[in-house]
Amino acid sequence: MAPNIVGSLFSVFFEYDTPRIVHIRSKKVGVINRFLQLCIIGYVIGFAIVFKKGYQDFDDVQSAVTTKVKGVALTNSSDPGLQLRIWDVSDYIVPPQENNAFFVTTNLIITENQTQGTCDEDPTIPGVNCTGRPEICNEPSPIIGHGIFTGHCIPSNYSAGTDVCEVYAWCPVENGMRKSPSPPVLEASKNFTVFVKNNIEFPKFGVKRRNILGFENDTELQNCRYNPADPQNRFCPIFILDDIIRRAHENYTDMATSGGVVQILIHWNCNLDYDVEDCVPEYQFRRLDSSQYKSAKGFNFRYAHFYMKEDKEYRTLYKAYGIKFIITVQGQAGKFSVVPLLLNIGSGLALLSVATIICDIVVLYVLKAKNIYREKKYLDVKGDDAYEVKSAISHY
Amino acid sequence: MAPNIVGSLFSVFFEYDTPRIVHIRSKKVGVINRFLQLCIIGYVIGFAIVFKKGYQDFDDVQSAVTTKVKGVALTNSSDPGLQLRIWDVSDYIVPPQENNAFFVTTNLIITENQTQGTCDEDPTIPGVNCTGRPEICNEPSPIIGHGIFTGHCIPSNYSAGTDVCEVYAWCPVENGMRKSPSPPVLEASKNFTVFVKNNIEFPKFGVKRRNILGFENDTELQNCRYNPADPQNRFCPIFILDDIIRRAHENYTDMATSGGVVQILIHWNCNLDYDVEDCVPEYQFRRLDSSQYKSAKGFNFRYAHFYMKEDKEYRTLYKAYGIKFIITVQGQAGKFSVVPLLLNIGSGLALLSVATIICDIVVLYVLKAKNIYREKKYLDVKGDDAYEVKSAISHY
Amino acid sequence: MAPNIVGSLFSVFFEYDTPRIVHIRSKKVGVINRFLQLCIIGYVIGFAIVFKKGYQDFDDVQSAVTTKVKGVALTNSSDPGLQLRIWDVSDYIVPPQENNAFFVTTNLIITENQTQGTCDEDPTIPGVNCTGRPEICNEPSPIIGHGIFTGHCIPSNYSAGTDVCEVYAWCPVENGMRKSPSPPVLEASKNFTVFVKNNIEFPKFGVKRRNILGFENDTELQNCRYNPADPQNRFCPIFILDDIIRRAHENYTDMATSGGVVQILIHWNCNLDYDVEDCVPEYQFRRLDSSQYKSAKGFNFRYAHFYMKEDKEYRTLYKAYGIKFIITVQGQAGKFSVVPLLLNIGSGLALLSVATIICDIVVLYVLKAKNIYREKKYLDVKGDDAYEVKSAISHY
């Protein structure tokens, strides 16, 4: 029997099974069938392979962004710290460098000459107004206050006729009655420019690109300004801040007054089957917070410059309102590869069975001649257990 | 013949092929078959379509986070720089603003009045103890030291009776024998609050949301504190630092002593088929480093405040231990779309063939009546090459 | 009829449909068929299940990175601010801490003693040279200048014999004729070390790891240096900056002169079906910008130290060139799970139908005996509408 087994194992390689088919010549079902097959083939070829580039292997972008803001602004208001003062990059970019982001100060409240000591708390803080009830100054100081209660109740320097609790703090404390100046003190920042340098890489394909394209020399580059409508300047990496905000559908002065967060999206969607020179960036601008909110609007934070005077530490406190620009780089590169193509063709063919299933339902349950078709399609075999036993017996 | 070809091309559109089927009435196989089909249909409908929302198109969240910490702390220890001093936001948040993160100083070692010059190196640095062997000071200075060896061996100011190499450095150098104070000098920071403002957008669906929900005005908002158990305050964006650490299953004082890294996860998983008001954030807190490690534990860094005294540059050096909070926003929104639904139905139907394959194995190889079924299912055709030739001849 | 309906509904559960098959014994088709099936099974088992780990459930890495740079450098050049000065961590790391990044200053241009006032603009700025044409100083000042034109034309201090417009600015303005010093003033930074502490977590599997592996104590850890060729030191988290740059195929001195951006990639690809101790990091280094560009090369930014002298604000302006290191943590962990395994087996079986489709094409259109096969495979049924009507009549 051994050669027999080897023989049948061997013969397995020379066999092929194919389903037996009922070939129905019917206009109705034929049209439905071909239409469904067309849809599926159209989907597979048109959508999965051509539109979604199912014949390509993909790689995500690796990116590095550095930014450089240029511009100077002059303030000349009566507010403390703002009399005839020039603001340059080292003044209004805080912190001086960030990863994929930069912050431009657009509005300022400055409190000068603070030093450690005791003074009257800001009367706008809830729970510090002790007019006629000095005992509240013995309670714990409020978390949003500027210092620690000493227990005394003293007249406020900011609000005449009001008594407030005395605090141990950086004195004098910031005056909470001062609102963010309007128009913003650094409104001139709308004309500032930012040079966004973006180097990208698609490691799988060894392709490196950057967003500075088609500029011959530094002078030409420095003089360009981004403009999506211009064939050359749509690749200019220098943006006017006001332009960015306008393209994000916001008003610069409004946004500069109370601050905000804006996203600069750089899309790199590259088809490396074409010339690598066609792999170019596209820019999109979007405000990430909203100007529509009533409470907790805008963006601001506090920082200080510290200095020493007669061995005592002093500081100038800045409450900086401004626009935070976040740069997000997204993108994919695709290149022809045989594996994803075969996968898509394979799964497309498998989907073709869906057409057969739907047509079968029509043929066997809907059409009037369904019984005829059913008869041709099906071969009935009674196979209950009794029958099985019987047949098993008859077989041996 | 031409009309004939056109005719057959035409007739192709009115044809339909359906497999011929053996219809077996057997309890055993029938039950197996229906059970497998039920599993597959259950998986497709229950898991892929309903549970995994296979009827929806998805979009990833675009997010902007800004944070604002509030609170003041008083230090009053004998350590340099910590005698009766108030610490407010501009003091303990370093740098003043970061993207998706903030750092709260919780513990400090301060070295005051440093200026460029020569002095004794910190005796805890390996390779600087020159007691009895002054020649080692002529070797290159160690990389982890504070300055450059001048070549002299002088008595240490920090460790009596020890001689150390003299260095050119910011003098006096930080005293390495001082450990991070315990309890941490800014332990009061546990009561500080942080306001996490998170604006998100699902650009594909044009939906903008933020994490401030259901608060009528600024006062109500400022007084709330996050509490996941409270129906209103689980949407409060103000967190007490101690609460965050506790929810991350850590102890604030321990963590404040040597520093650490904590992640605040904000999940936005939104089903936009329902009311957009149901699209709400969920918070999760997690310590990203571990308190279990023996070496290289915690988080600290050094920064300095620079100042001028009589035209000479001085600085105060801060070794800041603290908690770094990293805010990660994750999420997806789904909305009904017909394309993914069809795709899932299609691939589900394709999977149904698996049931047939498994049952065929049972029918043809396991059941006793397998030969009967095999006879009905298969039509044997001898198709070796000899036969092929013969048939080809007979055909012409 | 009711029992009849119940009966047929019931009998549906004890039925099984299997296609009728033409079993062809042909070497040609058999070999093609088995070869295709082998390819598909090979792909499913070899590629989808084994290579792509189709039997595993995956989780993405959650990561926290903290860095600590060590090292001091001495500058002693005639340039302002660089005479006999020591530079330590608090001097050359700006800002003192960043999220997943750090910046090391490698080259510097310092402008000392700036204060608000009027002075001559930098003559290298285009549009400020007013030699013989003082009227240009009445035009708006250029955006890339250092200040606001006062309208006067005065001799330049930087370029003898040239007249430039006077500006209100931080005076004296930075001298644009000074290029980045070569060799870089902080070239000694090549020997600095950076300790990269990376804690990761795979939340789905509850696995926490860090990149400090196999070091017994702090001393052993502090003395190690990363070396991928050494079995122990390939897990050392302390890197020499020069090593990083060399492994990114760049030259340290070149890069230090004009600055650059370098990525440190940490890969955590873990198979948690094995011992969790085998879950170890791998490092990769890559320059993200390019040294090949002619324009807009390198990385630099400006920051200032502010101080007070006789109640007037002064600052020292630093133009810092340096290397920005970006740390990216990538990785996945996989663990055996039955759901993805079944999914892969299922879709693999569905793909097997592709073999049948291709072989059918061969059998029915290519082989000489195609008509014989076609006859056996197909059962023709005329099913046009006339026929349908007729059959429908005959049926009733």
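Predicted model: local features only at pLDDT ≥ 70, side-chain atom pairs only at ≥ 80, totals over all residues.

**How two copies relate**
- Chain B can be laid on chain A by a turn of 120° and a shift of 0.1 Å along the axis, with an RMSD of 0.2 Å.
- The two copies are thus related as by a three-fold rotation axis.

**Helix 2 of chain C**
- Helix 2 of chain C, residues 27-51, bends by about 25° at Tyr43(C).
- Its buried residues include Val29(C), Leu36(C), Ile40(C) and Val44(C).
- Just after this helix, Lys53(C) has a positive phi of about 50°.

**Disulfides**
- Over all chains, a search of the whole structure finds 15 disulfides.
- One of them joins Cys130(A) to Cys153(A), with 1.8 Å from S to S, and this link is right-handed, with 95° about the S-S bond.
- Cys130(A) sits in the loop between strand 7 and strand 8 of chain A and Cys153(A) in strand 8, so the pair ties together parts 23 residues apart in sequence.
- Cys130(A) is buried at 1% relative accessibility, whereas Cys153(A) is partly exposed at 24%.
- In chain C, a disulfide joins Cys119(C) to Cys171(C); its torsion about the S-S bond is about -80°, so it is left-handed.
- That pair links strand 7 and strand 9 of chain C, with the two cysteines 52 residues apart.

**Cysteines without a disulfide**
- Cys39(B) is in no disulfide, and the nearest cysteine sulfur, that of Cys359(B), is 11 Å away.
- Cys39(B) is partly exposed, with a relative accessible area of 38%.
- Cys359(C) is in no disulfide and is buried, with a relative accessible area of 0%.

Key. Residues numbered from 1 in each chain as written. Chains lettered and ligands numbered in written order. Heavy atoms only, no water. Least-squares fit on C-alpha atoms with pLDDT ≥ 70 in both. Bend = angle between axes of the 7 residues up to and from the residue. Helix = DSSP H or I, 4+ residues; strand = E, 2+ residues; numbered from the N terminus. Buried < 20%, exposed > 50% of the residue type's maximum accessible area, 1.4 Å probe, protein only. Disulfide = S-S within 2.5 Å.
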